[in-house]
Amino acid sequence: MKTRWYYNFAQSPQGLSEETVDGAVYTVTQRQVHLQQAANKGQQWLGMENELVGTTCETVKIRSIKLGTLERIVQHLLEALDCGDSSYVSVFLATYRTFTTTQEVLDLLLDR
């Protein structure tokens, strides 16, 4: 039995491109994020602190590392959540032993 993988292109990120920065290549995407605005201090004073005032859309840039030197991909561990690359840490921890040792990763992390 063959497994087929499907991808919904209608919900794919916008603006797919690549950036090269200091020994690493990043895939860069843009996504629309809905932000909810909470009550301001005046509304809190009036007892409306649990009510949402409104929502806005914002486009955010997400950088996912594609390849790089060992130093750069270990450094990206520390930057991943700030860059919007939420799955990087778990993927790195699951695969790093195929290309380096635990001691090398720890040494690089402790040097930061």
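**The nonpolar core**

Modeller: This is a predicted model. The largest nonpolar core has 13 residues, and those that touch the most other members are I65, V74, Y88 and F92.

Biologist: What does Y88 touch?

Modeller: Leaving aside residues up to four places away in sequence, Y88 touches I65, I73, H76, L77 and A80.

Biologist: At what angle do helix 2 and helix 3 pack?

Modeller: Helix 2 (residues 70-83) and helix 3 (residues 88-95) pack at about 145 degrees, and their axes are 9 Å apart. The crossing of helix 2 past helix 3 is left-handed.

Biologist: Which residues meet there?

Modeller: From helix 2 come I73, V74, H76, L77 and A80; from helix 3 come Y88, V89 and F92. By class, this contact has seven nonpolar residues, one polar residue and no charged ones.

Biologist: A change of topic: what is the mean pLDDT of the chain?

Modeller: The mean is 76, and 67% of the residues reach 70 or more. Among the elements, helix 4 has the highest mean pLDDT (94) and helix 1 (residues 41-45) the lowest (61).

Biologist: Where is the pLDDT below 50?

Modeller: It is below 50 over residues 5-11, a stretch that has two contacts in the model beyond near neighbours in sequence. Where pLDDT is low, predicted coordinates should not be read in detail.

Technical notes. Residues are numbered from 1 along each chain as its sequence is written. This is a predicted model: local features need pLDDT of at least 70, side-chain atom pairs count only at pLDDT 80 or more; totals for chains, interfaces and linings use all residues. Side-chain values use heavy atoms; hydrogens and water are left out. Axes are lines fitted to C-alpha atoms, for helices over the stretch in contact, and angles run from 0 to 180 degrees between N-to-C directions. Helices (H or I, at least four residues) and strands (E, at least two) are DSSP runs, numbered from the N terminus. A crossing is left-handed if the near helix is turned anticlockwise from the far one by less than a right angle, and right-handed if clockwise. Contact means heavy atoms within 4.5 Å. Ala, Val, Leu, Ile, Met, Phe, Trp, Tyr, Cys and Pro count as nonpolar, Asp, Glu, Lys and Arg as charged, and the others, Gly among them, as polar. A nonpolar core is a set of buried Ala, Val, Leu, Ile, Met, Phe, Trp, Tyr and Cys residues joined through side-chain atoms within 4.5 Å. Buried means under 20% relative accessible area, exposed over 50%, partly exposed in between (1.4 Å probe, protein chains only). pLDDT is the predictor's confidence in each residue, from 0 to 100.
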